[in-house]
Amino acid sequence: MTKTRTRQAIGRQNRARGQAFEREVAKALAAVWPEARRNLSQVRTAKKEGGDILGTPIYWECKSGKNPDLAAAWAQAMDDSGTNRPMAIVYRRGRSLMVYSVVQVRSTLMLGHVTLSNFLDSCRP
């Protein structure tokens, strides 16, 4: 007999996956920005205070799932950032962490989709 999962169980599992993804991204970003960490205030309150990752000069929005809606994620980042900080969306494509961004790093304008490791390499002094 097949066991049917409830909506509540599916929601808990999706939240747990999203949180694990944010932890993975924060750990990767800490290689360049040691203060990088998950934004726990957005979990504890309904208010959106900062991006999904804090401690970097970039506003980060993390999206996990098979087909993240990058246009909606970009709109969310623009609505929530409220600052002139550069913004980036991190998502997974296969096993690679990808960054979708339009940011200026040093003198280079980073545009479009790049792997997170290439993005971080361009940010290192």
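The whole structure contains three salt bridges, where a salt bridge is a side-chain nitrogen of Lys or Arg within 4 Å of a carboxyl oxygen of Asp or Glu. This is a predicted model, in which local features need pLDDT of at least 70 and side-chain atom pairs count only at pLDDT 80 or more, while totals for chains, interfaces and linings use all residues. Residues are numbered from 1 along each chain as its sequence is written, and side-chain values use heavy atoms, with hydrogens and water left out.

| Salt bridge | N to O distance |
|---|---|
| Glu-22 and Arg-38 | 2.9 Å |
| Glu-24 and Arg-92 | 2.4 Å |
| Glu-61 and Lys-63 | 3.8 Å |

Glu-22 belongs to helix α1 and Arg-38 to strand β1 (residues 37-38), so their bridge ties together parts 16 residues apart in sequence; helices (H or I, at least four residues) and strands (E, at least two) are DSSP runs, numbered from the N terminus. Both Glu-22 and Arg-38 are buried, buried meaning under 20% relative accessible area, exposed over 50% and partly exposed in between (1.4 Å probe, protein chains only). Glu-24 counts as partly exposed at 34% relative accessibility, and Arg-92 likewise at 27%.
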